Amino acid sequence: MRESFGVSGELSCVSRELSCVSRDLFRVSRDLFRVSRDLFRVSNDPLAIDAVIASVARPSCGAVATFVGTVRDSNAGRRVRWLDYEAYAPLALRTFEQIAEEARERWPETHIAIHHRTGRVAVGESSVVIAAASPHRADAFGAARYAIERIKQIAPIWKHEHFDGGEVWIEGATADPGDEAARQEAFARACS
Amino acid sequence: MFVTVRLFARLREIADAGELPLELPDGATVRDAWQALAARTREIEPYAASVSCAINADYSKMNASLKDGDEVAFLPPVSGG
């Protein structure tokens, strides 16, 4: 009898410790969630690809497609030294949300995260990370491709290229979120 | 009324200001704000055909009306990614 009391006392200790451990685990996972839950971000900080993936990954999705845009060492015959990115951050975040909504109209079960860097970005470093999670890979790839095409069309972000011998602002598309032809072009590229 | 104009990238450099106050008559549109700006800084005029605009960090049209205290942004062609 005494032995069995002893065992049950130890068991209750073990169970108390287990409940402490599970509380700690809960706290850790909640903190991780807090760190990684930003779907859309514009920041001077280096991009954390794992965090972008973690913000969209979920048990229902068997595929996460990522796109990482990096600074190239040449452009239009110039030797690029670095890029300085400028953004109208509040509008960029809204634009990212809109792009994700547009993608979900086409690929309804897809979850998209977009993090874009601002400030000076060295050759080889990442300027943008996109993650698209979906139950199946075709949708994940399509949505990620669509997102980068739309970012180039309508995100209020600019590259200031510093190259050997000078600097130049890169000016691409006139941003018009209502331009249906541009949107269809992005869909066509995503589905090609 | 007064609005705050935000300028970015090359436009910001040409105007030598990322943010400036602008006085406009009541009922003025975004286009009126652009023209008032271009009257002050002629060098931005070539952007008239390619510029985009936003009111309070939301994309807008040039014929949208402004109200006192609005933030109106002019965006040269974008190049993110």
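Select chain B to begin: among its contacts between residues at least 6 apart in sequence, 54% join residues at least 24 apart, a contact being a pair of residues whose C-beta atoms, placed from the backbone, lie within 7 Å. The model is a predicted one, in which local features need pLDDT of at least 70 and side-chain atom pairs count only at pLDDT 80 or more, while totals for chains, interfaces and linings use all residues. Residues are numbered from 1 along each chain as its sequence is written, and chains are lettered from A and ligands numbered from 1 in the order in which they are written.

**Chain B as a whole**

With the cartoon of chain B shown, you will find two helices and five strands, which are DSSP runs numbered from the N terminus, helices being H or I of at least four residues and strands being E of at least two. Followed from the N terminus, these elements run β-α-β-α-β-β-β. The C-alpha atoms of chain B fill a box of roughly 35 × 25 × 20 Å along the principal axes. For 81 residues a compact globule would have a radius of gyration near 12 Å, and chain B, at 12 Å, agrees with that; the radius is taken over C-alpha atoms, and the globule rule is 2.2 Å times the number of residues to the power 0.38. Buried residues make up 37% of the 81 residues in chain B, where buried stands for 20 or more other C-beta atoms within 10 Å of the residue's own, exposed for 12 or fewer, and partly exposed for the range in between, with C-beta atoms placed from the backbone.

**A9(B)**

Select A9(B) next, which is placed in helix α1 of chain B. Its phi is near 55°, a positive value in a residue other than glycine. Most residues other than glycine have a negative phi. A9(B) has 26 other C-beta atoms within 10 Å and is therefore buried.

**Where chain B touches chain A**

Now show both chains and select the residues in contact between them, which number 18 from chain B and 26 from chain A. On the side of chain B, the elements that give two or more residues are α1 (9-15), β3 (52-55) and β5 (71-75). By class, this side of chain B has ten nonpolar, five polar and three charged residues; Ala, Val, Leu, Ile, Met, Phe, Trp, Tyr, Cys and Pro count as nonpolar, Asp, Glu, Lys and Arg as charged, and the others, Gly among them, as polar.

**Chain A as a whole**

Move to chain A, where there are five helices and nine strands, and where the order along the sequence is α-β-α-β-β-β-α-β-β-β-α-β-β-α. Of the 192 residues in chain A, 33% are buried. Among contacts in chain A between residues at least 6 apart in sequence, 72% join residues at least 24 apart.

**A76(A)**

Select A76(A), in the loop between β3 (74-75) and β4 (78-87) of chain A. Its phi is near 50°, a positive value in a residue other than glycine. A76(A) counts as exposed because it has 9 C-beta neighbours inside 10 Å.

**Helices α3 and α4 of chain A**

Select residues 89-106 for helix α3 and residues 137-154 for helix α4, both of chain A, whose axes come within 10 Å and cross at roughly 140°. That angle makes α3(A) oblique to α4(A), given that angles under 35 degrees count as roughly parallel, over 145 as roughly antiparallel, 65 to 115 as roughly perpendicular and the rest as oblique. Axes here are lines fitted to C-alpha atoms, for helices over the stretch in contact, and angles run from 0 to 180 degrees between N-to-C directions. The contact is made by T95(A), I99(A), E102(A) and A103(A) of α3(A) together with A143(A), Y146(A), A147(A), R150(A), I151(A) and I154(A) of α4(A). By class, this contact of α3(A) with α4(A) has seven nonpolar, one polar and two charged residues.

**Helices α4 and α5 of chain A**

By class, the contact of α4(A) with α5(A) has five nonpolar, two polar and four charged residues.

**R189(A)**

Finish by selecting R189(A), in helix α5 (residues 180-190) of chain A. With 14 C-beta neighbours inside 10 Å, R189(A) counts as partly exposed. Leaving aside neighbours within four places in sequence, R189(A) is in contact with R145(A) and E149(A). R189(A) and E149(A) are 40 residues apart in sequence, and their C-alpha atoms are 7.8 Å apart in space.

How values were computed. Two residues are in contact if their C-beta atoms, placed from the backbone, lie within 7 Å.
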